[in-house]
Structure formats: C-alpha cells, structure tokens
Amino acid sequence: MKKLFFISLICLSFNGFAQFEKYFEKKTLRIDYFHSGNIEHEYYRPDEFIEKNAWSGSEINLIDTFNFGKFRIMVYDTLSGNLIYSRGYSSLFAEWRTTEEGKGSCGNFSETVLIPYPKKVINLVFQSRDSLNNWQNVASQLIDPQKEMILKPKNNQNEILPLHYSGDITKKLDIVIIADGYTKSEVEQMKKDFETFKNYLINAQPFNLNTDKINIWGVAAISSQSGITNPRDSIKVKTAIGSSFNTLYSDRYLMTLENKTLHDQLANATYDQIIIMCNSKKYGGGGIYNFYCTAAAGNAQANFLIQHEFGHAFAGLADEYYTSDVTVEDFYPLNIEPWEPNITTLVNFDAKWKNMLDKNTAVPTPVEDTNKNLTGVYEGGGYISKGVYRPFMDCTMKSVRADAFCPVCKRAIQQMIDFYAK
Ligand SMILES: [Zn+2]
C-alpha cells in the first residue's frame, strides 16, 4: 500500500511538470495593468507585457490551492479550455476602495502579475470576490505570445547579492529583498542591513526549520537621496522605489504607489516574494498578500516588523489585533468566513484550525493565564473585538513580539513554503 502511494505521488509530480513543459517556457511574462474604480465599480486596463529571463515559481504547483486574496488571475489554454495557471493576491487598490475616499471618487492603481511565459494563446481572466466572498469574473484578455507586443527584458545595473542560497530557483521559495532610500555612499550600510534582514527572517520559526527550501536575494537599488518620504513631517525624499509613510493616511503605513518603478528596479531578479527594505528609523511597514511587503530597517523593532509584514504578504495572515488606530469598521462581515487562515467568524470553522484543537478546549476559549500556550478560539481579531476570533492569546500577528508566530500561523507559513518548494 505504501509503495502504491509513493508511485502515485511520483505520477502527480510528473504530470505537473509535463503540464508546465506543454504550456510554458522557462521564463516569466510580466503583465502590467491599471486597476481602477471605487467601492462599487471596478475596471482593468492592460498596460504593458514584458518578458523576464527566468521563471522562479514552481513548475509543479501551477494551480493555486489556497483560495486566499481579494483577487485572482486564472490563465486558460484557449485550445483546450483548460485552466493552466492561477494565483490569488490582494493589492493597495483593494484597501483604498474601502476607505472614505474610495467610496466617492475613482482611483487608478498600477498593478503587476507575473505568470510563466505561455507558449500559445492564453485567456487571462481577472477575478474579484463579491460581497459573499465568491469569485466573479471581472475582465479577460487574450494574449498571443507570437503576435502580442511583448517588450524585451528591461535590465538595469542593480547588483544582485545571493544572501542565502539552497538550490534551483524553480524548486525553492525565492525571496528578494530590495533596498529603498540608500544612496551610493550608503552601500556598505545597505549590505549590512541585507544580512540583518535575512537573519531576522530565516532565524525565526518556522523559517529556521526550512532553510533548505529558501533562497534569499538582495537587490542593491541605489537612491539619489537618503531616507524615506514622510508627508506628515513634510519630508520628501527622492528614492529608487518611492516608498512613503502615511499611505492611505495612516502614519506608520509604509508602501509605494510606484508599482512600475518597483518592478523595473527588480527587472534582473527572479523571485516569488518581494520585501522592500526601507532606510528609515521611524516605526513602520506594510504587507499585502502576494503583492509585496516593507519594513523600516533602522527601527528598533525591525525584527518584528519584517516577520509580521512578511506574514501578511507571504502566507495571507490577518492582523490578530483588535484595538488600534486602524479605522476600518466592518472590515470582516460577521456572516462570512474570512479567507485569511488565522482568523474566523465561526461561519466555517471546519475550514480553519478546528483540527488543531484539543477536544476539551472550550469554544470560545477564555483569555486567562492558564490558556496562554493553548491553541483555542479567542474572541477579538481582524480589528474587531466581537464576533471575530483568533487562534492564540498572543502572536507576532497580534502584538509587537518577534519570533512568536502562533501554531496556526506557523502551520499556514509551512504550507505556503511547501507549495513553492516543490
Ligand atoms: Zn497567529
């Protein structure tokens, strides 16, 4: 029986790779587009198609099995109609449209998705979640790699440093750390910060148990001025990627609206996940699922910041806190199970961490000292104090504590690492 199981696993892997060979070349198609609208309306408009030299994603796991994110791309072979690639993700547009501004006016955001380079004509379908979290097709685009205007790679001069190498990029999780706000004279400091950042991540659980499944690369983007833009203090800095505090009017929210610049600066690199390392001492960061994350390298809490924000960007983890200055009312409707793996409204708890609970654990679980190491169902999470539950009393996704992911977050991270490292 064991032998049979082993053989069937081999067949699955072979079929996955055969699918890749059939439909894709070993390089990347970068698709830039505009995502526009507001809370009620949504539009996609293609911008540029750009070739990249290699493909760093899995050649086996082509179809997304996680069902995370606000948006999803579905890539279909037009001849057979088969789904040949898919990926869930979120974006700044998704957050902006829930703000006061996003209710009235119309926003226009540049976004990028990376897919393996198709050999034949594909139908690229953009999907969004509706109010019940179900997927709806919003736009589609036929792409013929023989006829389409696909730009050649936009290479640049950025030095790429191997910070941690464990093997073939298609069989590993590839994380790229790109510098922002470091001038030419600060390259030595940048390289020290790359090492520190890499260690913050790779020494934390559960990444420390997976060092053989991860590659980490540093991209030495050079800025013409030092530091990071902070509009609240009228500080405007000209940097390589344009990162800025006060994103969506939240002081510590550190993101960039210059999406094309970010991806142009990353043109020489191949990667699955992006971390922007910001040259600032001010507390701040941000992370969006399969989009990118940032953290302030000079802050005393940089260790926590990088782990927390990467938790959002890589594993789709939700914030587990519920008392903060983040003013998002009804962020998680209580009649819908959120897609994030580490919070629940108990609408569909079976799909979450129910199988990790001891059968004697009370649901909800009381917050008391004797339960501090117990995986349970604690009320409060996702910015909401009633009706949303988290799995542990404390976690790196709840408070400013480094290397303290709860068992549910650790499991989610592990499953995502295994998805890439195959
Ligand atoms: Zn957690």
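**Reading the backbone, the sheet and the charges**

Author: Start with one residue. Asn67 is found in the loop between β2 and β3 (71-77). Helices (H or I, at least four residues) and strands (E, at least two) are DSSP runs, numbered from the N terminus. Residues are numbered from 1 along each chain as its sequence is written. This is a predicted model, where local features need pLDDT of at least 70, side-chain atom pairs count only at pLDDT 80 or more, and totals for chains, interfaces and linings use all residues, while side-chain values use heavy atoms, with hydrogens and water left out.

Reader: What is phi of Asn67 near?

Author: First the general idea. Most residues other than glycine have a negative phi, and most peptide bonds are trans. Now the case here. Phi of Asn67 is near 65°, which is positive, and the residue is not glycine.

Reader: Which peptide bond is cis, with omega near 0°?

Author: The bond from Gln205 to Pro206. Pro206 sits in the loop between α4 (187-202) and β11 (214-220). Another cis bond runs from Val363 to Pro364, with omega near -5°. Pro364 has its place in the loop between α6 (302-315) and β17 (378-381).

Reader: Now the sheet. In what order do the four strands stand?

Author: Begin with the general idea. In a regular strand the side chains alternate between the two faces of the sheet. Strands count as paired if DSSP finds at least two bridges between them. Here the order is β5-β1-β2-β8, in an open sheet with mixed pairing. β5 and β8 (150-151) are at the edges and have a single partner strand each, so one side of each lacks a neighbour in the sheet.

Reader: How many bridges join β1 to β5?

Author: There are 12, and these strands run antiparallel. Phe34 stands opposite Arg45 in β2.

Reader: Do β2 and β8 pair in the parallel or antiparallel sense?

Author: Parallel, over two bridges. Phe49 has Ile150 in β8 as its bridge partner.

Reader: Next, domains. Into which domains is the protein divided?

Author: Domain 1 (15-151), domain 2 (159-319) and domain 3 (321-328 + 358-394). Such bounds come from an automatic or database domain assignment. The C-alpha centres of domain 1 and domain 2 lie 23 Å apart.

Reader: What area is buried between domain 1 and domain 2?

Author: The general idea comes first. The size of an interface is often given as the accessible area lost when the parts come together. Buried area is the accessible area (1.4 Å probe) that two parts lose on being put together, summed over both. Between domain 1 and domain 2 this is about 2200 Å², and carbon and sulfur atoms give 55% of it. In domain 1, Lys52, Ser56 and Leu92 lose the most area to domain 2, together 29% of what that side buries.

Reader: How many salt bridges lie across the interface of domain 1 and domain 2?

Author: Think of charge first. Side chains of opposite charge can pair when their charged atoms come close. A salt bridge is a side-chain nitrogen of Lys or Arg within 4 Å of a carboxyl oxygen of Asp or Glu. The rule finds four across this interface.

Reader: Which side chain meets Asp32 in a salt bridge?

Author: That of Lys260, at 2.8 Å from N to O.

Reader: What does the total count of salt bridges come to?

Author: It comes to 21. One of them joins Lys282 and Asp251, with the closest N and O atoms 3.0 Å apart. Lys282 lies in the loop between β14 (273-278) and β15 (285-288), and Asp251 in the loop between β12 (243-244) and β13 (255-256), so the pair ties together parts 31 residues apart in sequence.
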